[in-house]
Amino acid sequence: MKAWIAFYSIFRKDMRNYYLKPPNISWGIIFPLAWTLMFFVRSQSPVDIRSILPGVMAMSILFGTTSMLAVTITFERRSRSFERLLLAPIDLNILMLAKTSGAILFGLLNAFIPVVFASFLINLAGINWFIVLASVFFLAVTSTFFGLLIAVTVSEVFEAQTFSNFFRFPMVFLCGLFVPIQNLPPFLRPLSYAIPLTYGADILKTAINGEGHLGMGLSFLILMGFSLLFFTISTKNIKEKWIY
Amino acid sequence: MRVDILRVENLTKRYGDFTAVAGIGFTVQKGEVFGFLGPNGAGKTTTINMLTGLARVTEGSAYLAGIDCVKETKRAQKLMGIVPDESNLYPEMTGYENLDFCGALYGLEGKERRDRAHELLQVVGLQEVAHKPFAAYSRGMKRRLTIAAGIIHKPEILFLDEPTTGIDVESARQIRKMLLNLNKGGTTIFLTTHYLEEAERLCGRIAFIVAGKIVKIDTTRGLLEKAQRGQTVQFSLSKGSERAGEVLQAAFPEYDWLVVDGQTLRVHSGKAIDLLPIMEVFRDNSLALYEARVIRPTLEEIFVQITGGEQRKMRAGGGAK
């Protein structure tokens, strides 16, 4: 119970201090909007909009969560306020879940901005919203923990951004969004299956268009596996590098 | 009856080949203000970090109220208040919000937390600015609020790392008064400070750490009494105290000579100092002396003697260093 008081307070503080600040709200809206418009403008028909919607949602989640988390944690680490959290009697796992919960929620909200825009342009009937919500949630968790991994690996905010982009942009090209994985050169295909975005985007494709080509259950399992892996490595890094 | 609230045994911290803290041991008694003094890089902050869970212990043990600080860090942290050497609260949050947040980190529930935050804002004299952002506070106000955040959960022991460094005289005075009041209220305080006068005023016992080793532990009174058994004379010169130190060290090697600065020289002896022959040496060597006065040894002298005063202490045959 006491741990949850701390959990909620950390979540609330991060929401107020970072995610609900006007520049971040506008960034959170503008960023997915830019992705949305970029794809929608080049679309030829409403059918195209629906087919690219999963990819735009996935990218919004990936960029939203990783950018925010990498910055907030690196910033707190530099100002030493993160030490205050490490010195509090809270289990490190609960502490890091609390620190990441704001980014997960931010990613969830980011994911639905393209949906809102799409709803004005196309008919969204026939979409399995339960699966969409589940996949958005798991993709937000995985991307957030990926951002966490980056945040605990670097020490400067600019490093966090550079390092994130080093992984994010190749991910976008390899996840099947621009080019279907089957059409990628054979030597790149294994890389596509080694990144979480592929599985999140595939579940979304299945739920929205029925176009996914991977088993949905397997994709969920793989996303959970990635989440667990990123989170475990991150907490291990914190124990080794920050509790020095 | 004296109860040890903190017991440290053979505490060691190594970074590769470098030993930052080398097997130190001491106890802190419940209700005391324990000073932990040493020059920069002596291992003070590393020791605090090990005790509070911010640094891993290479060897040794530490028990806080019987709880193993190494193996049960999170349990031990519940009993600790920690005020780091830099105020690390959240700049965008107000003073009240910071205290409320820190209370939540220790599991205090809503009303209890709010009441405690208001109470502490009054204690540290910040109720007028409670709803201003922390970033807008002066350094002294920031330190006071950081101390308040350290005691929000009524800890058994409060670790303070250089609490008055870099703040103005009036704020430092307020903080010292606050710490004394806290201690009167029963809070045990573990204090590191650069200001020896501060340690002399606040601490009941003092440990001196040099190069990762504790070289002396005693009561402050005991340390001062021992030092005051001898005599210290301070010489003020218009210039050239280093040359004077060399000359006098050679002439009177039985005394401890200390060059305080370019114009000040001190001599200490365990027995009365005969000033007349010293004055003659000043005169014969044309040393520009304009004042000599007997001074009461302070903790600073003791500190310099104990820690070796590597830079400035006159060594027999070595002259001024």
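Predicted model: local features only at pLDDT ≥ 70, side-chain atom pairs only at ≥ 80, totals over all residues.
B:Arg116 itself belongs to helix H4 of chain B, which covers residues 110-123. Is this residue buried or exposed? Its relative accessible area is 11%, and because buried means under 20%, B:Arg116 counts as buried.

## The six-stranded sheet

Chain B also holds an open sheet of six strands with mixed pairing, arranged in the order E6-E7-E8-E3-E9-E10. Which strands stand at the edges? They are E6 (80-83) and E10 (213-219) of chain B; each has a single partner strand, so one side of each is left without a neighbour in the sheet. On average, neighbouring strands of this sheet are turned by 15° against each other, direction ignored.

Strands of a sheet pair through backbone hydrogen bonds, either parallel or antiparallel. In chain B, E6 and strand E7 (residues 157-161) pair in the parallel sense, over four bridges. Within this region, B:Met80 has B:Ile157 of E7(B) as its bridge partner.

## Helices across the strands

Helix H5 of chain B, residues 139-150, lies across E6 and E7 of chain B and runs at about 165° to E6(B). Helix H8 of chain B, residues 220-228, lies across strand E9 (205-210) and E10 of chain B. The angle between H8 and E10(B) is about 90°.

Methods
Residues numbered from 1 in each chain as written. Chains lettered and ligands numbered in written order. Heavy atoms only, no water. Helix = DSSP H or I, 4+ residues; strand = E, 2+ residues; numbered from the N terminus. Buried < 20%, exposed > 50% of the residue type's maximum accessible area, 1.4 Å probe, protein only. Pairing = 2+ DSSP bridges. Axes fitted to C-alpha atoms, helices over the stretch in contact; angles between N-to-C directions. Contact = heavy atoms within 4.5 Å.
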